[in-house]
Amino acid sequence: MTIEKKCMIPECNRPSAAIREMRGLCMVCYNRAKAKVATGDMTWEVLVELGLCLPNKTTSPFDDAYSRAIDDLELEGTGSD
Ligand SMILES: [Zn+2]
């Protein structure tokens, strides 16, 4: 059984072996995205919102719990808008 993951950019058909560490992108697209972020005009958060990459996957249960806790905190903190 071969699980072949593909870059999430539709125009790009390169498979990525390490796609989980690459925010859903192949190495080439990831490096392009990283270059844009490095200019300071773009952030990973915006790229995620634009659907051009995935949120950074953590492998740490603590980080997952931390993110959840922060999200809950922010939801409670904002109240109704
Ligand atoms: Zn790609």
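Trainee: In which helix does Trp44 lie?

Mentor: The model is a predicted one, in which local features need pLDDT of at least 70, side-chain atom pairs count only at pLDDT 80 or more, and totals for chains, interfaces and linings use all residues. Residues are numbered from 1 along each chain as its sequence is written. Helices are DSSP runs of H or I with at least four residues, strands are runs of E with at least two, and both are numbered from the N terminus. The run that holds Trp44 covers residues 44-49, and its name is helix H2.

Trainee: How far is the C-alpha atom of Trp44 from that of Leu54?

Mentor: Along the chain, Trp44 and Leu54 are 10 residues apart.

Trainee: Which residues are in contact with Val48, leaving aside neighbours within four places in sequence?

Mentor: Val48 is also placed in helix H2. With 15 other C-beta atoms within 10 Å, Val48 is partly exposed. Beyond four places in sequence, the contacts of Val48 are Cys53, Leu54 and Pro55.

Trainee: What is the C-alpha to C-alpha separation of Val48 and Arg23?

Mentor: Arg23 sits in the segment before H1. In sequence, Val48 and Arg23 are 25 residues apart. From C-alpha to C-alpha, the separation is 8.9 Å.

Trainee: What is the phi of Arg23?

Mentor: Most residues other than glycine have a negative phi. Arg23 is not a glycine, yet its phi is positive. Arg23 is buried, with 20 other C-beta atoms within 10 Å. Its phi is about 55°.

Trainee: Which residue follows H1?

Mentor: H1 spans residues 27-39 and reaches 18 Å from its first C-alpha to its last. That is close to the expected 18 Å, which is 1.5 Å times one less than the number of residues. The residue after H1 has a positive phi, near 90°, and is Gly40.

Trainee: What share of the chain's 81 residues count as buried?

Mentor: The chain has 3 helices and 0 strands. The buried share of its 81 residues is 14%.

Key: Buried ≥ 20, exposed ≤ 12 C-beta atoms within 10 Å, placed from the backbone. Contact = placed C-beta atoms within 7 Å.
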